Amino acid sequence: MMKKYCEECGKDVNTTVVLREEEYNVCGEKIAVEARVMTCCECGEEFYNEELDNETLVNAYNIYRQRHRLLMPDEIKQIREQYGLSQRSFAKLLNWGDKTIHRYENGSLQDKAHNSMLLFLREPMNMADYLAENEVGLDSAQKEKLQHRLVELEGTKENRIGSKLLDVLLRKEPCIENGFKSFDYEKFYASVLFFANKCDELLKVKLLKLLNYSDTIFYKENGISITGTQYVHLPYGPVPEHYDVLFGLMEAQNIITISINFENGYEKHHVLPMTSDYMNILSQEEIEVMTRVYNKFVNFGSVEISNYSHEEVGYKETQKGEIISYNYAKDIVLERS
C-alpha cells in the first residue's frame, strides 16, 4: 500500500486503487473506459498517477482502434519488421513523411487511408506488386534487399498451408479477448521456445500456464498482449485456444518436439526445443516479463501451477470452454503468496 500526501486530509495517507468508468475524447469521439484510479483511503480524494493514467489512455486508444478497425501500433511495427525495414526506409517506401511510421508505432492514431495501405502491404504478394508497380524512395541496394526478403517470405509449401490454417482458426480482429492484438504465430512460438530453452524437462501443462501469465501480465502493464492468443477455461487451468493445432504445426516445422513418457500410469508430455533462434523475435520488454514469470514459477510443478491458476479471478468467474477476457488481467498479481 503506497502512502501519499493528501491535500484534503492535510497529511500522509494510505492509498488504494479503485475502478471507475471514465470518458476520454479520442479524435472527437467519446470513449468510455474502465480506469484504475489511485485514491485516499480516508477521504476518497483522487491522486495523479502517471502509470495508471497512461494505462487508461492506452486502453481508450485501443477501444477506438478496435471500433474503427485500425491496426494496433505493435501490428504496424510487425508489418515493417517482417520486411527488414527501418522506420525511415518504410516511410520512404510508402512516400510518407519521415516521422510518420515512428509516430504510428508509438501510439499516434493513423488515418484510414494509411491504415488501408498498411493492411494491403501486410501480405508479401501485395508488397511485391506494390514494389513492381510504384516509384518508391528506396535506393537500389534497399530495393534489392527487400526483394530478397520477399523471396524468403514466400516460404515453403508447408509454411503457406500452416499460415492458411492459422488464418481460419486464430486470426481475429484485435479485441479484449485477444489482448487487442491479432494472433501472432511468430511471437507465440518464440514464447514457447523461450520457456522450453530455459526449463529442463518442461511439461506441456506447465508451459500453457507460463504462456497465459506472460500474455496477461504484459497486457496489464502495456495494454496489449504479446502473442494475441485467446485463452480458454479448461479443468486444469487457462490454455491457449487451439494449442494442440499450434503445437502440431510447430512440430511439423521442426521448432519443437514433444516427447511422451509414462510414469506411474500417467502420460507426461515434455516440450523440447529444436532451436534457440528466437531472441530476435521478442522485444526486451517481452523478455523481461517472461523472465519474471519464469522466476516466479521455476520451482512449481504442473499440478502446483495449475492449482495456482485456479485461484485467479478470471478463472473463477468463467465456465469450462469460455474465453477468459484480458479484462481480468487487472486482477493478476504475480507476487501473490
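1. Helices here are DSSP runs of H or I with at least four residues, numbered from the N terminus, and in those terms N95 is found in the loop between helix 3 (87–94) and helix 4 (100–105). The model is a predicted one, and the remarks below should be read with that in mind.

2. N95 has a relative accessible area of 51%, and because exposed means over 50%, N95 counts as exposed.

3. A second residue with a positive phi, again in a residue other than glycine, is C27, where the angle is near 55°. C27 is found in the loop between strand 2 and strand 3 (29–40), and with a relative accessible area of 57% C27 is likewise exposed, because the cut-off for that word is over 50%.

4. Turning to the other cysteine of this note, C9 has its place in the loop between strand 1 (3–6) and strand 2 (11–26). The relative accessibility of C9 is 27%, so C9 counts as partly exposed, a term that covers values between the buried limit of under 20% and the exposed limit of over 50%.

5. On the surroundings of C9, when residues up to four places away in sequence are not counted, C9 touches C40, E42 and C43. For one of these, E42, there is also a C-alpha separation to report: the C-alpha atoms of C9 and E42 are 7.8 Å from each other, although the two residues are 33 residues apart along the chain.

Technical notes. Residues numbered from 1 in each chain as written. Predicted model: local features only at pLDDT ≥ 70, side-chain atom pairs only at ≥ 80, totals over all residues. Heavy atoms only, no water. Helix = DSSP H or I, 4+ residues; strand = E, 2+ residues; numbered from the N terminus. Buried < 20%, exposed > 50% of the residue type's maximum accessible area, 1.4 Å probe, protein only. Contact = heavy atoms within 4.5 Å.
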